[in-house]
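Trainee: Could you take me through this model? I would like to begin with the aromatic residues.

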2 protein chains.
Amino acid sequence: MENITNVRGFRYWGAHTGVKSKRRDLGLIVSDKPASAAAVFTRNVVVAEPIKICREHIKNGRIQAIVINSGNANACTGKQGYIGAQAMIAAVSEELNIPREQILVASTGVIGRELPTEKIVAGIRENAAKLTSRKVAGSLLASAILTTDTFPKEGFVRFRLGDTEINMGAVAKGSGMIHPNMGTMLGFIMCDAAIKPELLQEMLGEVVNDTFNMITVDGDTSTNDMVAILSNGAAGNEEITEKDESYALFKTKLFELCEHLARMIVSDGEGASKLIEYRVKGLAAKDQARQIIRTVSDSALVKTALFGRDPNWGRIVAAAGRAGVSFDPDKTDLYISADTEIQILKGGQPLRVNLNELKRLMRSTEIAITLHFNQGEAEAKGWGCDLSYEYVRINAEYTT
Amino acid sequence: MENITNVRGFRYWGAHTGVKSKRRDLGLIVSDKPASAAAVFTRNVVVAEPIKICREHIKNGRIQAIVINSGNANACTGKQGYIGAQAMIAAVSEELNIPREQILVASTGVIGRELPTEKIVAGIRENAAKLTSRKVAGSLLASAILTTDTFPKEGFVRFRLGDTEINMGAVAKGSGMIHPNMGTMLGFIMCDAAIKPELLQEMLGEVVNDTFNMITVDGDTSTNDMVAILSNGAAGNEEITEKDESYALFKTKLFELCEHLARMIVSDGEGASKLIEYRVKGLAAKDQARQIIRTVSDSALVKTALFGRDPNWGRIVAAAGRAGVSFDPDKTDLYISADTEIQILKGGQPLRVNLNELKRLMRSTEIAITLHFNQGEAEAKGWGCDLSYEYVRINAEYTT
């Protein structure tokens with residue numbers, strides 16, 4: 001029953017302030033002491049107001065609290081939105097006696113609608129005293145940051161650095177694209193290890209690149225995406241100050257946690273009926289492998305074939321071919337796997353496969369597609385989902 | 001990140017069939033082999049159709065699958081509902097090749113509305129092949145059984161019986177009384193230990209009595225309440241056949257899990273702003289202690305005082321006094337505690353208390369109230385919540 005509340009020196013709460021009609025819409029995270037902090041933000045050119053503020057605050061490398069509202073993205077809201085985000089920070093600052101620049105703010109929800117600042121600020125003032133490390137607070141926070149997600153995403157890992165037990169927990173929300181551009185990915189990771197902020201920032205960037213940045217539901221990039229980690233040192237380990245063994249283990253565990261959350265997010269993609277893991281191997285550079293994964297996993301032809309359980313593997317190779325990466329088709333191997341693995345292509349030549357067996361395998365809710373180009377050592381992994389009637393229905397219905 | 005999927009030999013799924021407009025509404029649980037099974041059901045005189053069937057099926061002590069729909073309670077639905085519940089079982093039986101009498105069925109949602117049998121049966125047929133022990137299936141199931149809950153309830157414990165690691169996980173939903181009588185408590189516990197069904201039934205009954213039966217949100221009893229445990233022996237331990245040490249440890253862990261879920265359910269009570277733990281001590285019999293807890297925790301006067309953070313402790317004693325249990329008021333001690341404990345009454349005499357300190361303590365989101373009657377050794381614990389404007393608003397709005 002471990003969750004983020006098992007990370008020492010943190011307290012949380014999730015509450016309903018009225019931005020959403022019924023469900024929880026305010027989340028609070030606070031560390032007893034300023035924590036080493038790192039964050040990565042959306043690469044979208046249009047960014048929400050909270051992101052503008054967070055980019056400044058994270059520069060200090062020390063953060064003590066995060067406030068999140070759901071139901072309103074506070075994006076494309078102009079001055080009103082900027083003042084609103086600052087008001088959220090000010091309320092947290094006053095209630096918890098934390099300097100403003102040590103507070104992050106995040107929003108997710110509808111874009112372009114005025115931020116209901118008063119409701120949120122009143123909610124912060126009412127709920128600040130409720131911050132707690134009791135178990136339930138983890139569930140409340142995980143639920144409070146959701147928008148169109150159909151289930152909350154939580155993760156927890158525990159490991160040892162020397163003699164010290166380290167706890168690392170996280171909550172995340174995924175992207176449901178009910179309103180165009182409304183899908184936002186948020187991830188908040190709490191850890192009780194002591195580590196230098198500079199190292200944490202570098203590590204987070206690398207891990208996010210291989211996890212959250214390798215998932216796609218529909219190729220959109222939100223104005224509000226943000227992944228932040230706070231590591232407060234409450235565990236009492238010797239501070240990690242260089243890239244030693246402790247750093248490596250910390251990074252491995254952070255990767256494990258982020259990969260878990262990334263997979264959960266894709267599994268909850270709008271109308272998704274399958275989780276697809278893409279494995280691309282045998283290229284000269286990792287960026288090439290990533291580029292091919294992005295193209296294949298975003299291909300509507302591939303995604304609809306996967307939904308239709310149609311072993312139409314030609315579409316996979318075709319999508320790879322248009323990714324802007326040069327490769328020799330005659331060296332390409334292709335495998336599709338679930339409980340068993342079936343090789344489809346060997347050196348560019350289709351093998352005779354048992355079509356019934358392949359069709360059975362395609363019915364699985366989790367499929368791995370492996371492309372091996374046999375022309376280098378670089379590889380990458382990524383995750384996507386299929387494209388279903390349901391996705392179309394949902395997005396068609398809500399577009400107008 | 002442990003959840004029910006860590007229990008060996010079980011697979012799960014949660015899906016959307018259209019009973020609810022958007023959210024998941026079908027849950028499936030299946031054990032690879034028939035599991036030792038026990039269940040307790042609502043004591044309401046009016047029981048839903050699924051309960052009638054489960055009462056028969058559980059008599060065998062062996063269950064291999066559970067199917068749950070949310071969004072419709074299948075209660076007060078007469079013959080149509082009974083046939084519908086049987087159709088759900090038949091669909092699971094055919095898809096998974098499991099005898100009908102080894103399947104349980106549960107429903108939760110609106111009462112008295114025709115069961116949309118076709119949608120549910122189509123959903124079972126479509127999703128049976130998706131049953132999996134992958135992590136995400138735990139989240140899908142936990143979400144699929146919810147109605148007005150604001151967050152899913154999950155729990156997991158791990159322990160050793162001799163050299164064998166045992167995993168026990170559970171999902172539950174709580175009671176939100178948006179439509180009168182709609183609140184239903186469901187709990188499904190999966191374990192991989194080998195244990196005789198008769199022992200399991202006795203143990204479950206006792207544990208539920210001290211956990212789920214000791215919580216109250218508003219004193220209503222649903223027509224659909226059900227807690228079931230399946231223990232499939234996949235762990236490979238020597239079967240528990242008598243009340244030995246293994247039995248005792250199993251029971252302790254089951255208690256821990258059920259208490260956790262019970263507390264989560266109360267924390268998610270309609271409009272609840274606080275979780276209250278009631279501890280009654282020093283009576284001649286446990287049933288007396290339970291009776292007092294039920295009366296006090298259901299008292300509207302006590303609950304509104306708790307909501308108002310009003311240290312109006314007279315109401316607590318007054319409610320205890322009308323519980324039908326005889327005690328000597330002049331021996332009664334009363335304590336209220338959160339981060340600290342304050343004694344209010346000693347031998348029936350009010351102590352001088354720091355009222356500001358008491359008021360501060362009453363602001364906590366988790367409060368314990370201890371009544372010690374000093375006239376015996378029996379004690380009991382129970383959990384309730386406060387009664388807020390929000391509860392009234394929700395239930396007033398939806399009554400008509």
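Trainee: Are B:Phe327 and B:Phe373 buried or exposed?
Mentor: The model is predicted: local features need pLDDT of at least 70, side-chain atom pairs count only at pLDDT 80 or more, and totals for chains, interfaces and linings use all residues. Residues are numbered from 1 along each chain as its sequence is written, chains are lettered from A and ligands numbered from 1 in the order in which they are written, and side-chain values use heavy atoms, with hydrogens and water left out. Buried means under 20% relative accessible area, exposed over 50%, and partly exposed in between (1.4 Å probe, protein chains only). By that scale, both B:Phe327 and B:Phe373 are buried.

Trainee: How many aromatic pairs does a search of the whole structure find?
Mentor: Rings of Phe, Tyr and Trp (its six-membered ring) pair if their centres lie within 6.5 Å. Planes under 30 degrees apart count as stacked, over 60 as edge-to-face and the rest as tilted. Over all chains, the number of aromatic pairs is six.

Trainee: What kind of pair do B:Phe10 and B:Tyr12 form?
Mentor: B:Phe10 counts as buried, at 1% relative accessibility. B:Tyr12 is buried too, with a relative accessible area of 0%. Their rings lie 6.3 Å apart centre to centre, with 15 degrees between the planes, and the pair is stacked.

Trainee: And what kind do B:Phe327 and B:Phe373 form?
Mentor: Their centres are 4.4 Å apart. With 50 degrees between the planes, this pair is tilted.

Trainee: How many residues apart are B:Phe327 and B:Phe373?
Mentor: Helices (H or I, at least four residues) and strands (E, at least two) are DSSP runs, numbered from the N terminus. B:Phe327 is in the loop between helix H9 (314–321) and strand E11 (333–337) of chain B. B:Phe373 is in the loop between strand E14 (366–372) and strand E15 (378–385) of chain B, and the pair links distant parts of the chain, 46 residues apart.

Trainee: In what order do the seven strands of the open sheet in chain A run?
Mentor: Two strands pair if DSSP finds at least two bridges between them. The pairing in this sheet is mixed, and the order is E8-E15-E10-E14-E11-E12-E13.

Trainee: Which are the edge strands of chain A?
Mentor: Each edge strand pairs on one side only. They are strand E8 (215–216) and strand E13 (349–350) of chain A.

Trainee: Which residue stands opposite A:Tyr335?
Mentor: Strand E11 (residues 333–337) and strand E14 (residues 366–372) of chain A run antiparallel, joined by five bridges. In E14(A), the residue opposite A:Tyr335 is A:Thr370.

Trainee: Which residue takes a positive phi in the hairpin of E12(B) and E13(B)?
Mentor: E12(B) and strand E13 (residues 349–350) of chain B pair in the antiparallel sense over two bridges. The bridge partner of B:Lys346 in E13(B) is B:Gln349. Two residues lie between the strands, and the one with a positive phi, near 55 degrees, is B:Gly347.

Trainee: Is A:Asn74 buried or exposed?
Mentor: A:Asn74 has a positive phi of about 45 degrees although it is not a glycine. A:Asn74 lies in the loop between strand E3 (62–72) and helix H2 (78–96) of chain A. At 0% relative accessibility, A:Asn74 counts as buried.

Trainee: And B:Asn97, buried or exposed?
Mentor: B:Asn97 also is not a glycine, yet has a positive phi of about 55 degrees. Its relative accessibility is 71%, so B:Asn97 counts as exposed.
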